[in-house]
Amino acid sequence: MNENTAELLNLLEPGNKRERRSAIEGLEKIGKPASLQLLNILNSENPDIRDGAAEILGTYSAGDIDTFLKLLASGKKNARDGAARTIAYIIGNDGKITTPLSKMIRDGTPEARKGAAISIGYIHYPKADFVNMLLYMLKDDEREVRKQAAESLKKLNWTSVNPVEMAIFYMADEDWDKLGKSGPFALEAVKFGLNNPDSEVRIKLAGILAGTKGNESKKILLSILGDPDKKVRLAAIDAVAETRDPELMNYLAGAMYDRDYDVRVETSWALRKAGWRPASYNEKVRALILQGDLREIELMGRTALTPLIESLGDTDHNIRKNSVKVLYSMGKPAYEALRQAENKSSPEISEGIQEALEYFSTNEKESAEKTGSDSASENEIREYNSRDYWHHAFIENGYNQEMAERFSASLSGEDDIIRITAIENLKGHGKRAIPIMILLLNDEKENVKTVAIESLVKTIEDEHHEVRRASAYALGKIRDKGTLPVLVRHFADPDENVRNECSESVAKMGNIALPFIENLVSHNDPDVRIASLRALGGISDPSGIPFGTKALNDSEYNVRIEAMDALVRISGFMFNFLMNEIQRVSIQGTKMEKLGMLSVLSRLQDLKIVPVVKRFLADDEEEVRRNASEILKVYRKREIKKEKDRIREYSRETADLLKRKLSQDEIDELIHRSAYVSNKNTTELLGKKLNQDEIDDLIKRASSEKEENAAKGIKKQLTQNEIDDLIKKELALKKKAAMEVSMLIVGLKSSDPATESSSTAKIIKIGEPAVEPLLSFMNNAEPEFQAKIAEILIKIGKPGIRGMIRTLNYGRTEMRVVIAKTILKSKDPEAVNAAYDRIKSEKNPEVRKALILAFTKDSIDKRIPDALHSALADQDPGVKTLAVRLLAKIKDERAIGPLVSVLNYSEDTLADLAYDSLVGYGKAAQPILLKELKGNGSDQFRERIAATMDKMQFIPADSSDIAWYYAAKGRWDELEKSGDYAL
């Protein structure tokens with residue numbers, strides 16, 4: 001490099017613009033002799049230097065475009081940027097690069113496509129062909145390629161009048177805010193994005209759908225509830241709940257049976273937040289169990305027994321455990337119901353019933369509150385304080401005859417000292433003594449009652465949570481202010497049922513309890529905050545409302561929900577006070593307070609809330625305005641329903657028709673017909689489920705346009721009814737299939753080959769409905785059993801294979817490894833394509849290794865070399881090593897290029913593997929070796945290439961090529977003799 005060239009290169013650094021421009025012009029005049037130095041500084045850290053070098057190279061390097069395309073596809077970050085700038089300048093100088101760039105964005109690696117996007121972004125005034133390339137890459141499979149395409153379009157100040165095209169741009173750019181504001185135009189972009197393997201993208205799209213109106217967006221949103229990724233399903237649940245759409249709520253309730261327990265729990269809370277009302281006792285019990293609100297289930301009484309017993313057959317341990325707890329607390333009715341159902345249930349439920357009965361046996365058959373209340377009602381027949389009275393009470397509570405005799409003699413006597421001594425002795429008897437203490441609270445002697453109260457206060461410190469809970473219940477019945485401190489202290493009890501019982505007992509004390517709990521709403525323990533809010537709601541005093549409002553800002557979701565529940569309870573007694581507080585919040589409140597109060601309002605059944613809700617329609621926060629608008633829509637629907645109910649009472653014939661969800665015009669017409677028209681044939685026809693011919697006949701016989709429109713409206717509704725019936729039937733079939741599979745799955749574990757074979761055959765016969773249950777069981781199974789289920793899924797055919805593909809993309813690591821090892825045994829083209837795509841994008845090394853091995857072993861796909869080549873870029877050394885070993889074994893000439901690239905690795909072991917394999921390819925490998933020898937690789941890379949050529953006894957014939965060979969070998973004397981070729 002001469003001094004003049006070096007001086008000009010130094011002037012490329014940012015500084016004096018005139019000097020920099022002069023340097024560029026000077027280097028352009030020097031031409032190719034300066035190209036080697038310019039190529040080196042394309043990798044500069046300084047973008048201005050890179051741009052200067054690119055501008056110069058762009059004037060005369062059109063013939064060397066392959067060099068820059070190669071850098072663009074596989075160079076380091078700065079070198080790639082420099083190459084992109086160079087290509088842009090070549091294009092600006094009328095270089096013909098459209099075809100190679102077009103090929104790169106369709107056939108290249110993700111890195112190559114991204115490089116092409118970078119390059120186009122640097123073109124000044126690009127032609128439509130190049131802009132279309134970027135638009136094409138907005139829908140690329142790789143997230144980074146899409147983002148780069150969007151970034152380049154922004155550099156070009158691109159925009160479009162087509163809102164759908166803009167929505168796709170926003171999605172690629174991950175501008176979720178603008179995509180969300182695109183409304184229905186975003187749906188095409190959303191549908192494309194939901195196929196993205198990146199769960200973060202799908203999570204964002206679920207949130208966008210929540211704010212997009214229309215049936216299409218609802219369908220898409222519901223489809224995400226079945227996404228294989230747990231986090232995506234959770235996002236979809238929040239999105240569906242946010243819509244507050246009653247129709248969607250019914251679908252969302254199905255997610256309480258999701259294969260993942262966390263998803264089930266989140267669904268129950270989301271439904272509660274949205275103001276959902278269960279359609280059956282089963283749904284209500286399911287939701288309450290998941291929320292841990294076991295006390296509420298107890299209050300349902302006998303109506304909860306059947307759903308609770310059915311829950312004993314659930315696959316999740318937590319649900320079974322909570323169901324047993326509630327049944328135990330319900331006492332004798334639950335025990336009898338369990339006994340009746342013992343031999344009439346499915347194997348799963350029967351097994352759960354046995355667990356419940358064992359729990360009853362280990363603890364006691366009835367809870368304290370049931371025993372106490374039953375004792376009280378039965379003992380009222382006997383004379384209070386008689387020996388017979390106390391004897392019966394002790395026997396009822398599990399005492400033997402001897403102890404019952406001894407205690408009844410002491411308590412029925414006249415000597416207060418003996419009676420008090422007996423009460424003191426009862427303290428050590430735990431839970432079974434509590435009902436006796438409650439009976440003693442009715443004693444006319446104050447000193448006896450005092451000792452009984454003191455004994456109950458001490459039992460609340462018992463080590464057994466059931467004793468503490470029973471004691472808290474008993475203290476609530478006393479309603480003695482002196483017990484408040486101990487009850488409030490147990491707001492921090494480790495057992496949730498004890499905390500809930502303490503809250504209820506404190507609430508029974510009324511507003512005298514407020515000074516004890518007001519400050520606890522800000523306690524650092526969320527359980528204490530929840531318990532105090534529960535008590536505030538029960539007290540329902542106006543002075544507690546501000547504390548409930550404050551809790552709406554709580555960082556814990558469950559605390560906020562409890563605050564809303566408390567305010568709803570207060571509204572039943574202090575409606576006007578609550579409305580005043582909500583009006584204050586609408587002006588002065590935080591966003592969280594406003595959203596919380598709107599949630600409270602949505603659960604109230606009073607039309608007086610409508611003007612209060614309307615105050616939020618002008619709020620600065622879009623989410624607040626949207627929620628207020630949705631609540632008003634719900635209220636309008638409620639009023640329409642009330643009107644329909646009123647009409648139903650007036651006319652039975654009209655009521656039958658209203659079940660078909662007619663429009664208001666149709667309702668008006670039918671009222672008219674029912675009241676004034678004597679056409680009984682038509683009325684009878686409308687009152688039953690019509691077939692297609694009957695409806696067509698009705699349209700023909702219509703005597704007016706209005707009648708004809710009404711009949712046509714019913715025809716439309718019939719289609720929807722049929723669709724609803726199909727959906728219901730499909731859901732019923734799936735539920736039935738899940739139950740069948742759960743019974744047959746036991747047979748798969750049998751040591752008897754005949755039983756195992758029979759169970760396998762029956763599951764395969766079930767077909768598609770068996771796929772999801774099998775995947776659910778597979779999720780928690782041992783690896784060996786997982787492999788067995790995978791084989792069954794393959795035998796089911798396409799539905800089973802597609803289920804495996806979904807799990808391969810988004811399931812747990814252990815499952816994905818098993819599926820990766822087995823899915824290609826199906827030889828299914830869809831499975832092969834999925835495995836290939838997964839190899840290219842998989843980030844988990846264990847899964848990728850399993851896929852690589854299976855793809856090489858179980859398929860004869862032509863893309864094996866390409867798949868292994870992509871694995872060479874993995875950061876995990878195990879994946880990289882495996883890919884090299886397999887490339888060295890496959891004996892496919894397409895493996896030569898990847899193997900040559902391995903010679904550039906720092907790991908000697910891998911380079912040696914590639915070296916030995918390349919030698920075996922002989923002459924076929926020589927052109928690629930020679931090409932890379934003349935490339936931009938490191939000195940070590942070129943040395944290894946030369947060594948491989950030596951092993952092959954291959955010496956280049958061309959003088960230029962042999963000069964590169966001498967340089968790689970360090971044979972400088974021979975290189976000097978080659979003359980101009982050495983340059």
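**Briefing: helices of a predicted model**

Residues 24 or more positions apart account for 59% of the contacts (heavy atoms within 4.5 Å) in the protein with a separation of 6 or more. This is a predicted model, in which local features need pLDDT of at least 70 and side-chain atom pairs count only at pLDDT 80 or more, while totals for chains, interfaces and linings use all residues. Residues are numbered from 1 along each chain as its sequence is written, and side-chain values use heavy atoms, with hydrogens and water left out.

**Overall make-up**

- The protein has 61 helices and zero strands, where helices (H or I, at least four residues) and strands (E, at least two) are DSSP runs numbered from the N terminus.
- Of its 983 residues, 51% count as buried, that is, under 20% relative accessible area with a 1.4 Å probe and protein chains only.

**Helix H33**

- Helix H33, residues 496-508, has 13 residues and reaches 19 Å from its first C-alpha to its last, close to the 18 Å expected at 1.5 Å a residue, a span taken as 1.5 Å times one less than the number of residues.
- H33 is mostly covered, with eleven of its 13 residues buried, among them Val-498, Arg-499, Glu-501 and Cys-502.

**Helices H10 and H11**

- In H10, residues including Arg-146, Ala-150 and Leu-153 meet residues of H11 that include Phe-169 and Asp-173.

Terms used: Buried means under 20% relative accessible area, exposed over 50%, partly exposed in between (1.4 Å probe, protein chains only).
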